[in-house]
Amino acid sequence: MNGAAREVIAANVRAARAAAGLSLDALAARAQVSKGALIAVEAARGNPNLATLVALADALGLSMSALVEDRRADDPVVVVDQADVAPLWTGPDGGTARLLLTNRSPAPVEVWRWVLHPGERHGEQPHVPGITETITVTRGQLRLDVGDVTRTLRTGETAVFAADVEHAYEGAGRGPCELLMTVHLPPDHRG
């Protein structure tokens, strides 16, 4: 993650924490992250991992976009080139997860593009109730674990699930798995 992206995240987290009236200690406890990690995020030091950013967004009642995006003008059409979006997760074999954008109306929907190489795995803690995820595999195979349920998705298959349980995505098969994910946030989830 480049310095400009860290600065945007730092400013957005500080502003959201201040708007919520939370101290560093209170937000760290609510998000279940260390105070040191929170201080580093707010100071734009290091590279916060995806799990930390998700925990902070959930604790603040915000979408991930509210933490990572510069606020755009209200253009009638917003176009995002994935090459201009820094990965928020990078796997050991070069897989990536990019939050491309969030459609804020009428209820917020985040749009992600993932690439997972065989065996690359990313696990998520439960999100707040009301959040669902939809995953469409555009190339390859994906192992999807949701709670105690495991499914293998192949090219062209789509799955939807409530994301308020532990869940994980893993590249399966012989080549890279590419997928599009939408995270559907409740209408009252601040963006």
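1. Ground rules. The model is predicted, so local features need pLDDT of at least 70 and side-chain atom pairs count only at pLDDT 80 or more, while totals for chains, interfaces and linings use all residues. Residues are numbered from 1 along each chain as its sequence is written, and side-chain values use heavy atoms, with hydrogens and water left out. Helices (H or I, at least four residues) and strands (E, at least two) are DSSP runs, numbered from the N terminus.

2. Helix 2. This helix spans residues 24–31. Its buried residues are Leu27, Ala28 and Ala31. Buried means under 20% relative accessible area, exposed over 50%, partly exposed in between (1.4 Å probe, protein chains only). The three cover an arc of only 100° around the axis, which puts them on the same side of helix 2. That arc is taken over the directions from the helix axis to the C-beta atoms.

3. What covers that side. The cover over the buried residues of helix 2 includes helix 1 (3–20), helix 3 (35–42) and helix 4 (50–60). Gln32 follows helix 2 and has a positive phi, near 60°.

4. Helix 1 against helix 3. Their axes come within 7 Å and cross at roughly 115°. Axes are lines fitted to C-alpha atoms, for helices over the stretch in contact; angles run from 0 to 180 degrees between N-to-C directions. Helix 1 contributes Ile9, Ala10, Val13, Arg14 and Arg17, and helix 3 contributes Leu38, Val41 and Glu42. Contact means heavy atoms within 4.5 Å. By class, this contact has five nonpolar, no polar and three charged residues. Ala, Val, Leu, Ile, Met, Phe, Trp, Tyr, Cys and Pro count as nonpolar, Asp, Glu, Lys and Arg as charged, and the others, Gly among them, as polar.

5. Leu53. Look for this residue in helix 4. Leu53 counts as buried because its relative accessibility is 0%. Leaving aside neighbours within four places in sequence, Leu53 is in contact with Ile9, Pro48, Met64, Leu67, Val68 and Leu88. Ile9 also belongs to the helix 1 side of the contact with helix 3. Asp81 lies 28 residues from Leu53 along the chain, and their C-alpha atoms are separated by 22 Å.

6. Two strands pair if DSSP finds at least two bridges between them. Strand 3 (residues 109–116) and strand 10 (residues 177–184) pair over eight bridges, in the antiparallel sense. Glu110 has Val183 of strand 10 as its bridge partner.

7. Strand 6 (residues 141–146) and strand 9 pair in the antiparallel sense over six bridges. Asp145 stands opposite Ala168 in strand 9.

8. His167. Strand 9 (residues 167–172) holds this residue. His167 counts as buried because its relative accessibility is 3%. Its side chain reaches the backbone oxygen of Val165 at 2.7 Å. Not counting residues up to four places away in sequence, His167 touches His122, Gly123, Glu124, Gln125, His127, Glu133, Asp145, Val146 and Phe161.

Notes. A polar contact is a pair of N or O atoms within 3.5 Å; within protein, one must be able to donate a hydrogen and the other to accept it, and residues adjacent in sequence count only if both atoms are side-chain atoms.
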